[in-house]
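Opening the notebook on this one. I want to go through the charged pairs, then look at a helix and a surface patch.

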Amino acid sequence: MSDYAHPDVLVSTDWVSHHLADTANVRVIESNEDILLYATGHLHNAVHVDWTNDLQDPDVRDYISTKQFERLCSRLGIHEDTTVVFYGDKSNWWACYAFWTFKMFGHKDCRIMDGGRAKWVAEGRVMTTDVPTFESADYDASEPDTSIRAFRDDVMNHMKDGGQMVDVRSPQEYIGEVTHMAGYPQEGALRGGHIPGASNVPWSRAAGEDGTFKSRDELEAIYLEEQGLNPKEDMIAYCRIGERSSHTWFVLKYLLGFENVRNYDGSWTEWGNLVGAPIEKGEPDEN
């Protein structure tokens, strides 16, 4: 891990194992795509963050407000100086999404457990169904940091300027053959394709078979050498609803040290339905 640009944000399963009892300073959070998974067993002293109910406000179709985030942290016993460690299923898709959300609200010490839930289980480590409770905490959150989030107009301007953009969906979604991943619900995108100028690097290429992140050399071979992306230039990542691109956002920003990466969480569910927004279909060299 020491070769990464910001190795302090990534911790091993061993590190977590040795800090599970340090609940005064460390809060471990499980966040999954399968929101029922936590109840079947989780790390000792780990709390659950359900991205649909804890991080989203369905009435405004956006993230929770600053006040709601403060109440969430208070309920989980998180202080401003608490070290928060995220892990989850799907090679940490939603753990990275929760990490990104906590960063938006200014929480300083956020980390990801490399390999997520699958690695912990594969190593035969202890799981429990006991749900911990912690004394509520006072928490003052920052207003959302939009420097790490791209909105529709940001993406439109970035595209017109020829800025770097990476579509992290599957090749079939990228070329417009399908509008959603195989086995997942169609969430309303009327058109297939990708945002003009975006390259296609499926998020999963950044993870190994055991769910851990690939080495810095392997990641540089993909994003810098193969795709020719420049860490010093502005970058936007997107997928379907912003969760897979949170994984890539984490890789580019913290493991490879890209200086300005934003996650377009409106992603293809928004762009694919926009009136008048241009799209491309097929491989880039076919357009």
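**Salt bridges**

I started with R205, which forms a salt bridge with E226, the closest N and O atoms being 2.7 Å apart. That pair links distant parts of the chain: R205 sits in the loop between β9 (199–200) and α9, E226 in helix α9, 21 residues apart. Keep in mind that this is a predicted model.

Next I checked for bridges that share partners, and found D14, K119, E123 and R125 joined into one network. Within it, the side chains of R125 and E123 meet at 2.6 Å, N to O. R125 comes out partly exposed at 21%, and so does E123 at 34%.

My count of salt bridges came to 17.

**Helix α4**

Which residues of α4 (residues 66–75) are buried? I get T66, F69, E70, L72, C73 and S74. They pack against α3 (51–54) and α5 (93–104). Just after α4, I noted G77 with a positive phi of about 70 degrees.

**Negative patch**

Last, I found D3, D217, E218 and E225 gathered in a patch of negative charge on the surface. D217 lies in helix α9 (residues 216–226) and is exposed, with a relative accessible area of 60%.

Conventions: Residues numbered from 1 in each chain as written. Predicted model: local features only at pLDDT ≥ 70, side-chain atom pairs only at ≥ 80, totals over all residues. Heavy atoms only, no water. Buried < 20%, exposed > 50% of the residue type's maximum accessible area, 1.4 Å probe, protein only. Helix = DSSP H or I, 4+ residues; strand = E, 2+ residues; numbered from the N terminus. Contact = heavy atoms within 4.5 Å. Patch = residues over 30% accessible without salt bridge, like charges linked within 9 Å, V, L, I, M, F, W, Y side chains within 5 Å. Areas by Shrake-Rupley, 256 points an atom, 1.4 Å probe, with all protein chains shown as cover. Salt bridge = Lys/Arg side-chain N within 4 Å of Asp/Glu carboxyl O. Lys, Arg positive; Asp, Glu negative; His and termini not counted. Charge placed at Lys NZ, Arg CZ, Asp CG, Glu CD.
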